[in-house]
Amino acid sequence: MNTVLVAGGCGIIGQHVCSGLLKKGNTVIAVDSQHNDYNKGKENYKFIEASPEDNTKYAEIFKKYRIDILINLACTVDNDFGAVITETEMNISRNFDEFIYKLAFEAKVKKIVMISTSQVYKLVDSREPIREDDALKPVSNYAVMKLESEKEFARELKEHKGTICCICRVAPVYTKNYYENLIVKITDPKDNTNFVYGTGQYGFQFCCVHNLVDFILCFIRSADEPKFTGIYNISDKNLTTASDIITFMKTNHRLGPVIQKSAIKSSGISSLIRKVARNKEEKENYRYLDWSTFLYNNMLDNNKALKLVSSFRWDIHNTK
C-alpha cells in the first residue's frame, strides 16, 4: 500500500483522515505541531512533531521516507489555526506553501490533495448552485489565505503535470462533537445570543468531516490518471437549516435561550447592513456572519466529486 504524509494530521479533520487511511491499509505519517491520542498506538501510524514553519523538519521527512501521497491539511482553521485569521497566520501559510509543494514534487509523489474552502467563491444572486469554475471573490482573511495557497499549488503543478493533484474546496466542517461551525450560524455577533429567523428554514452549506474523508479516500483509490487533477467542491448533499442546528444542539449539547426573530424581507437587508458595522475581527474571522448573504441559501455543486464517491451519506441527522 501507499505511504501517506498528512500535514496537519492531528486536527479535527486530520485525525479522521489518518484513521480512514489506516483502515484502508496505508502507512500514515502524521505531522502536526502537537499530538492527540486519536490514532495513537495503531499499526502503521507514525507521528512527527513539526509546525508549519519548520521547513527543515519537513525536508528531513521527505529525505528519510519514500512518500507516495501528500495530503495537505496544514494551515486550516480546524487544524493549526483558530477561527480568527490575522496577517501572522497568513504569513505562516505563505511560508509553508513555498516549500511543501516543492518538496513533494521533487520527491516525485504520485498524488497531492490540498484542503481549501468554499468561501473563495463569489456568492451567486440566484438559486443556481456554485460550481468549481464560478467567479472567485474571497472576503474573509481565511478565504484569501486559502486562495493564495491554491495559486501557489497551481504554479508548482505547471512544472509537474504528471502528478495527480486535487484541490478540495470544502464547506465549513462539523462532527457530532465539533459543532462550532454550526452554532456560529445561529449566533448574533453583537451579543452572542442564539436566534432563528421565522421558522428557521433558511439554510447553510456544511460538510460533515466523514463526507470529506470518504472523498479523499476515494480520490486516492480511484484517481489514477492526470485527467482527475482539478478542483472539487466537497459538501453535504443538502443544506443544513437553522432549525436543524437548533434541534441538533438541543439533542446533543447544551443550548441557551434561542430568540425567535421575524424573517428579514430582502428589501430590508441593505438597510440592516448599514446599521451593523463590521469590525476588523469580523473580516479576519473565517466564521464571521455576513449579513449581506445571510438568506442566500447557496449550495455547492458537488456532482464532480460524486463521480468518485457514490454518495455523500453523512449529514447533521446521522453524523457521528
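In which helix does Asn211 lie? I found Asn211 in helix 6; helices (H or I, at least four residues) and strands (E, at least two) are DSSP runs, numbered from the N terminus.

A note on the source before I go on. This is a predicted model, where local features need pLDDT of at least 70 and side-chain atom pairs count only at pLDDT 80 or more, while totals for chains, interfaces and linings use all residues. Residues are numbered from 1 along each chain as its sequence is written, and side-chain values use heavy atoms, with hydrogens and water left out.

I checked the accessibility of Asn211 next: it counts as buried because its relative accessibility is 0% (buried is under 20% relative accessible area, exposed over 50%, partly exposed in between, with a 1.4 Å probe and protein chains only). Leaving out residues up to four places away in sequence, Asn211 touches Ile234, Asp236, Phe312, Arg313 and Trp314; contact means heavy atoms within 4.5 Å. Helix 6 spans residues 209-222 and lies across strand 4, strand 5, strand 6 and strand 11. Its direction runs at about 155° to strand 5 (axes are lines fitted to C-alpha atoms, for helices over the stretch in contact, and angles run from 0 to 180 degrees between N-to-C directions).

Seven strands form an open sheet with parallel pairing, in the order 3-2-1-4-5-6-11; two strands pair if DSSP finds at least two bridges between them. At the edges I have strand 3 (45-49) and strand 11 (230-234), each pairing on one side only. Neighbouring strands are turned by 20° against each other on average, direction ignored. Helix 4 (residues 141-157) also packs on the sheet, touching strand 5 and strand 6 (164-170), and makes about 155° with the direction of strand 5.

Going strand by strand, I noted these pairings:

- Strand 1 (residues 3-7) and strand 4 pair over four bridges, with Val4 opposite Ile69.
- Strand 1 and strand 2 pair over five bridges, and Val6 has Ala30 as its bridge partner.
- Strand 4 (residues 69-72) and strand 5 (residues 111-117) pair over four bridges, and Asn72 has Met114 as its bridge partner.

How do the side chains of strand 4 point? I see Ile69 and Ile71 pointing one way and Leu70 and Asn72 the other way, all of them buried. Strand 2 (residues 27-32) is mostly covered too, with five of its six residues buried.

**Entry: cores**

The largest nonpolar core has 83 residues, and those with the most contacts inside it are Ile71, Phe215, Phe219 and Ile234. Such a core is a set of buried Ala, Val, Leu, Ile, Met, Phe, Trp, Tyr and Cys residues joined through side-chain atoms within 4.5 Å. I followed Phe219: outside its sequence neighbours up to four places away, its contacts include Lys111, Val113, Ile164 and Leu308. A second, separate core of 20 residues includes Tyr174, Leu182, Tyr202 and Ala242.
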